[in-house]
Amino acid sequence: MQQDTLYKTVYQYNKTPLPPSDMEKLAEIAQDYRQVKNAVYQRYGGIQSLPKLYPGYTVQNEMTKSGLREQMGLPSVYFYSAIFDALGDIKCQWSHTKNRIETCIRDNPNLTPAERHYLRFVMKQSQCLEAILLEREMHLPAAWRKSYEAVRADITEEHRLQQYLRRQVRRHLKKMHTDTANGFSVPVKGYRYDDHGIYITTKERGQRVFVPLTDSNAYSRQLYVQLDINEGNLKISVPIETRIRKHPEYQNEIGLAMGMKVMFVTDQGTIYGKDYGIHQTALTEYIREGARRYRQNKQNNPGRKKYLAGRQRREATLHNYVNAEINRMLETEKPGVVYLPKLPPVSGAGINKKINYSVSMWQKGYVRKRLEIKCRERAIPLIEVFGKGIGKKCSRCKADGERQQELFVCPACGLTLPEKENAAKNALQRGNAQAGNT
Ligand SMILES: [Zn+2]
């Protein structure tokens, strides 16, 4: 199954903590945003409002007329974002409800197949469903009318089924409400990127809060701003579509081995991410030191927040490095296919192992995931090969060899290679063999 577009979310962070006065202005928006959402949930979250949800203009118009926006003094960019946000949640809630009811219909032993068929039909046809739930007369287009009459013909107790459906909806459609006020969506009109940061519209006319960012990327789409009010931090989520770009010149078949010190070694012995181990160790040491201090002084944890910020920073450094090196690898190697040994299964014992072990496994998972995504973006198949013993077999004669420090030495044929290069050569060969077998 080949898709043309990939969806992902990228994040942006503030470079320095926001001054409390600026954070207050953003927190104000978050408060109002929550209030608007709750107002929409309350008015339109119930059964009676079902006909208003699609396409939603009615809700927008009614909310405009409600005067709530003027009362709060909330800029319209936020007001309407909050409405659509809440409407999205309500629609989601409806589809969850329908899913749950479908399960109930399936599992209910008192329903005959014809009755199930009837219920499923009316749940799919929105005009039928609305009419039944609101106990109104049904006005169906001619084509639907005919199929509706057909499913009706097979049942005898329509009234009972409709009651059943209403009861189910009342039972499963939850009242929505949100207490958290730590974020808001902001459409393109509500912000501007400039000066290595972002200017965000506030409730004061013409006033924007400037937030310096750790990167200088600029986007033009609806953003979600999440606030960490106490810490003066924020996180911006940006939904991104990337088109898959296939590179016809990418034709090479490569085998890769992943390591703890260097990130990748290819079957040709080329190294990518040679400083991976350094960044990874820095993170591990930091976490270990943090854990040690935490154990010593559990009661009053001074600097726990500072610790978390430091950890986040080291993680970001490592991740930026990983991504840059994966890009460099793909651009240099131009692979048409990548073979990679399967990760060994995580054993239960791993949970209690030392911190450095768990951190390295977790970061290895990250490298793996990023490699997968980046290959997918370029339409490069990433194929896992059988990983057992891949470091022990000689890639030239298949005999069992030995590791001497970081070298692989074959006693049978005398091959001497960096251990990872030998493993990567085996990955390529196993990949080729696998491809030949299928
Ligand atoms: Zn050998």
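**View 1. Where H5 meets H6.** Lys98, Ile101 and Ile105 of H5 meet Arg116, Leu119, Arg120 and Met123 of H6, where a contact is two C-beta atoms, placed from the backbone, lying within 7 Å. Helices here are DSSP runs (H or I, at least four residues), strands are runs of E (at least two), and both are numbered from the N terminus. The axes of H5 and H6 (residues 113–124) come within 10 Å and cross at roughly 170 degrees. Those axes are lines fitted to C-alpha atoms, for helices over the stretch in contact, with angles from 0 to 180 degrees between N-to-C directions. That makes H5 and H6 roughly antiparallel (under 35 degrees is roughly parallel, over 145 roughly antiparallel, 65 to 115 roughly perpendicular and the rest oblique).

**A word on the model.** Residues are numbered from 1 along each chain as its sequence is written. What you're looking at is a predicted model, in which local features need pLDDT of at least 70, side-chain atom pairs count only at pLDDT 80 or more, and totals for chains, interfaces and linings use all residues. The mean pLDDT of the protein chain (the predictor's confidence in each residue, from 0 to 100) is 90, and 95% of the residues reach 70 or more. Residues 348–352 fall below 50, and beyond near neighbours in sequence that stretch has two contacts in the model. Where pLDDT is low, the predicted coordinates should not be read in detail.

View 2. H1 runs over residues 20–44, and its 25 residues reach 36 Å from first C-alpha to last, close to the expected 36 Å (1.5 Å times one less than the number of residues). Its buried residues are Met23, Leu26, Ile29, Asp32, Tyr33, Arg34, Val36, Lys37, Val40 and Tyr44. Buried takes 20 or more other C-beta atoms within 10 Å of a residue's own, exposed takes 12 or fewer, and partly exposed is in between, with C-beta atoms placed from the backbone. The axes of H1 and H5 (residues 76–107) come within 8 Å and cross at roughly 45 degrees, so the two helices are oblique to each other. On the H1 side, the contact includes Ile29, Val36 and Tyr44, while the H5 side includes Tyr78, Ala82 and Ile90.

View 3. Thr178 sits in the loop between helix H9 (158–172) and strand S2 (183–186). Leaving out residues up to four places away in sequence, Thr178 touches Arg34, Lys37 and Asn38. It has 13 C-beta neighbours inside 10 Å, so Thr178 counts as partly exposed.

**View 4. A cis bond at Pro55.** The peptide bond from Tyr54 to Pro55 is cis, with omega near -5 degrees. Pro55 belongs to the loop between helix H2 (50–53) and helix H3 (57–66). For background, most peptide bonds are trans, and most residues other than glycine have a negative phi.

**View 5. Two residues with positive phi.** His196 isn't a glycine, yet its phi is positive, at about 60 degrees. Look for His196 in the loop between strand S3 (191–194) and strand S4 (197–201); with 11 C-beta neighbours inside 10 Å, His196 counts as exposed. Ala379, also not a glycine, has a positive phi of about 55 degrees. Ala379 is in the loop between helix H12 (355–377) and strand S12 (382–385), and its 15 C-beta neighbours inside 10 Å make Ala379 partly exposed.
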